[in-house]
Amino acid sequence: MQFGGVVAVDNLSLHVEQGEIVALIGPNGAGKTTAFNCITGVYKPTNGQVYYQDQLIVSNHPQGKMKALYAGQNKDAYKQVLEPTPDRITKLGLARTFQNIRLFKTQTAFENVLIATHLHRTSNLLTATLRLNHAEEKRMRQHALDMLEVVGLADLKDELATSLPYGMQRRLEIARALATKPRLLLLDEPAAGMNPQETDDLGRFIVDIKQRFDLTVFLIEHHMDLVMDISDRIYVIDFGRLIATGRPDEVQDNPDVITAYLGVDEE
Amino acid sequence: MKKAKIVLSLLLIIAAVALVGYTLSSQGDLHDLVMRLDPQNLAAADSRMQKARDRVLDGLPEGDRTKDLRNLDRYLEGYGPQLELDGENGLELFVYRNGPSLLAAGIALAVIGAALLITQLKALAKYRKPAVYLALAALLYAGVYIVENIAGASSMLMTVLKKGAIYALIAVSMNLLNGFTGLFSLGQAGFMLVGAYTYAIFTIASDSRIQVYQYYDGGLVQFALPTLVAIVLAGLVAAFFAYLIGLPVLRLKSDYLAIATLGFAEIIRAIFQYDGLGPITNGSNLLRKFTTFDTALFPFAVAGACIALIVLLIHSTYGRSFKAIRDDEVAAEAMGINLFRHKQMSFVISSFFAGVGGALLAMYQTTVQASAFKASMTYEILLIVVIGGMGSITGSILASFLFVASSEWWLRFLDNELVIGGVQIPLLRSGFRMVVFSVVIMVMVLFYRRGIMGDKEFNFSSLFKPRVKKGGGVRG
Ligand SMILES: Nc1ncnc2c1ncn2[C@@H]1O[C@H](COP(=O)(O)OP(=O)(O)OP(=O)(O)O)[C@@H](O)[C@H]1O
Ligand SMILES: [Mg+2]
C-alpha cells in the first residue's frame, strides 16, 4: 500500500488460521492500521490481494501513476481488480473496531449497536416503514441488547455513546462489531487508553468472546503484556515490512524486534 | 385503570368533536336554507346568522336570488323530519333549539374529555400505540375543520394553515435528507417544480385544455387523471429525476450533491419554459384550470399522511442507517451499510415528497408557472429546516407554520405606509417586510444556531420530566 511517496505497507504477507488469536505489532507509523484498512476495503491496496476462506475478496494491481513506480516489478502477478466497499467485506463476516474510536456520536449506546444489526435485515424499505417487520425488529433489538450484555454495558444502554468513559467506548465498539455476527474480528488497539487493570480485563474478555462466538481474532496492540498473554502468534512489522513472526516467546527474544522497538541500533 | 381513563377521555373528545362538527355542518346546510327564506321568518335569528345571510344575499344578483327561492321546496324536503315536527317555523326551531344545545353539549363533553386527558398526559406520553396517534390525528383534523368553519375558508388564518401544511411537508422531506442523512441538497425547488407541473398537466379537465394551451392547440395530453393518482405521479416523476441525478453524484465521497441539485433546479426551470416543450408544459405561460382544493382538510390530510410515512421511515431500521451515515460514514460502512444504496434511497424518497409538496403547492396557488420556482424557494425551505432544527421533524413543522404566518400575515403591516398624526412613520413601505424578515433570520441563525428544537422532538413527556441531560450520567 503506497500513499504518494510513502510505502505504508510493503510486501507484507499475513496469514490467520480459523480459531486463532493473532497479533500485529510494531512501532508507531509502522503501517498496522493501513494493513487493516486494506483488508477491510477502506483502502484499495496499490498492489496486492486478500483471501478470506480461500476466496479472493480484494485484489488490485498498480494503476495510473503507480504503474510507472512498479514497472518491472510484480505488477503482473495481480491481474484482477476486486475493490469491494467495506460494507461488502463486513457482510462476508469480517468486523472491525477503530483505533480512533468511531461511534455514532448523536446516538445512545443501544442505538449504536442496533445499527449493526441492519445488515442482516430481511425487510425492505416498504415493509420496514409500514412496520410489517415486527418480528425482525424485535429480534434486532434483542440481539443488540444481548451484545451490550456481553460487553457489560447493558445498564448504560441509554447513555449517549460519546458520554461514556474511554474504556467503555472501546467495549461499545466491540459490541457493535459483534452485532454484525462476524467470523473474524479485527481489533485496532482495543486497549489504547486503558489502565493496567482494564487491560487485563480486556484480555480475558477477548479470549472469552472468541470462545463464546467461535471467532478468529486479529488484533493490533501496543500493550505487550496483553499481546503476549493472549496471542497464539504474532506478526511484527516496521516501516511496513515484516521483521519477525512466531509464537510470543519467540518474538519476544528476537533482536530485530528489540531494535525496532527501542529505535536505536547498538552497533 | 390509566389505560381505561385515556381511552374514555379520547372517546369523549371524539364524541365531542363529532357533535360540534355535526352541529356546525348542519348549521351550514341550514344556513343556506335560512338565507333563502323570507327575512321576516328570521326575525328572531341571531345577529351572526343574519349578517351571514345579508352578506350572501348582497352578493347574489337579483335573478339568482329568485331562482334560489324557487328551489326552496326541494331544500325543505331534505329536512322533512324536523319540519314535520315543528311545523312552519321548524327551521328556526332547529337552529335555535337543537343547534346551540348540541353545540353546548359537544363543548361540555370536550371539556370533560380534555380535563380527563390532561390528568393522564404523563401516561399518554408513554403509551405509544397507533390508536393514540390516530385519535390525535383525528382531533387535529376535527380542529382544522371547526376552525375553518368558524374563521371561513378564505380567511388569512386558513391561508396560512394551508400553505403552512404544504411547506411543512416539503421542509420535512428536506430534513430527511439534510438533517437525517447528512446529505446537502439544494434542489428542492426543482423537484417541487417537477411535481407541480406533473400534477397540473395531468389534472386539467379535457374541455379546458384548449383554453389553457391556447398557443399550442390544446396541448398533447388530452386526458385527466384522478387527483390522488396525479399527486402520486407527481412524486414519482420527481423521484425519477432524483434517481438519475443520484446515479453519478452519490458515488462521490465529497459533497457534489449540493452543486448538482442546484444546477438541476436551475436547468429544469429553464427547460420547462422552453417553447419547444409547449404542447406539454405550455411554455412560459401559466398552467391553470386543474383540480384544486377548497378546504384546508385536503392539504392537511395529504401532508399529514406523507409526514407520518417519513416519521415511520426515520424510526425504522433504514432510518437508523441514514442517521448512522450522517454521524460517521466510515463507521456506517464498516457496519455493513451500503453507502450508495442508502444515500440513493434517502435522496429519492426526499425528492418524492418534495414532488408531492409541489403538487399541493400547485393546488394551493391554483396556477403554476415555472419561473416562480426559483432558488430562493429552496432557500426558504432550507431556512425553515435550519430554524426548526436539523434533525427535528416537529421543529420543521413548527417552523413552517411560523415562517408562513410571519411572511404572509404577521409582518404584512410592514409593507403598508402608515401615517400617525400627520407624520409618516419612516421605513414602512413596500418591501420593508423582507428586510425585517432577513434581519430576524440572521439573528436566529447567529444566536440559535441549532434552531428552535435542536435535534430533539417535541413530545408530551418532555413537558413533565425535569430535563435530564443525556450525557450527564457517567464520567470515567
Ligand atoms: N490516508 C493516508 N494518506 C497518507 N499517508 C497515510 C495515510 N494513512 C496512513 N498513512 C501513512 O502510512 C504510515 C503508516 O500509518 P498507520 O496508521 O498504518 O500506522 P500504525 O502502524 O497504525 O501506527 P500507530 O501505532 O500510530 O497507529 C504512516 O507514515 C502514515 O503517515
Ligand atoms: Mg494505527
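Modeller: A residue is near a molecule or strand if one of its heavy atoms lies within 4 Å of it. This is a predicted model, in which local features need pLDDT of at least 70 and side-chain atom pairs count only at pLDDT 80 or more, whereas totals for chains, interfaces and linings use all residues. Residues are numbered from 1 along each chain as written, chains are lettered from A and ligands numbered from 1 in written order, and side-chain values use heavy atoms, without hydrogens and water.

Colleague: Which element gives the largest share of the shell around ligand 1?

Modeller: The ligand is surrounded by 13 residues, and the closest are Gly29(A), Lys32(A), Thr33(A), Thr34(A) and Gln99(A). Among helices (DSSP runs of H or I, at least four residues) and strands (E, at least two), numbered from the N terminus, the largest share, 3 residues, comes from helix 1 (residues 32-39) of chain A.

Colleague: Which residue places a polar side-chain atom 2.6 Å from an oxygen atom of ligand 1?

Modeller: A polar contact is a pair of N or O atoms within 3.5 Å. A nitrogen atom of ligand 1 lies 3.0 Å from an N or O atom in the side chain of Tyr43(A), and a ligand oxygen is 3.2 Å from a polar backbone atom of Ala30(A). The side chain that reaches a ligand oxygen at 2.6 Å belongs to Thr33(A).

Colleague: What share of the area that ligand 1 exposes when taken alone does the protein bury?

Modeller: Accessible areas come from the Shrake-Rupley method with a 1.4 Å probe. Taken alone, ligand 1 exposes 630 Å², and the share of this that the protein buries is 64%.

Colleague: Is Gln53(A) buried or exposed?

Modeller: Gln53(A) sits in the loop between strand 4 (48-52) and strand 5 (55-60) of chain A, and its phi is near 50°, a positive value in a residue other than glycine. Most residues other than glycine have a negative phi. Buried means under 20% relative accessible area, exposed over 50%, and partly exposed in between. Because its relative accessibility is 53%, Gln53(A) counts as exposed.

Colleague: What is the relative accessible area of Asp214(A)?

Modeller: Asp214(A), likewise not a glycine, has a positive phi of about 55° and lies in the loop between helix 8 (196-212) and strand 8 (216-220) of chain A. Asp214(A) is partly exposed, with a relative accessible area of 48%.

Colleague: How many of the 23 residues in helix 9 of chain B are buried?

Modeller: Helix 9 (residues 156-178) of chain B reaches 31 Å from its first C-alpha to its last, close to the 33 Å expected at 1.5 Å a residue, where the expected span is 1.5 Å times one less than the number of residues. This helix is mostly covered, and the number of its 23 residues that are buried is 20.

Key
Buried means under 20% relative accessible area, exposed over 50%, partly exposed in between (1.4 Å probe, protein chains only). A polar contact is a pair of N or O atoms within 3.5 Å; within protein, one must be able to donate a hydrogen and the other to accept it, and residues adjacent in sequence count only if both atoms are side-chain atoms.
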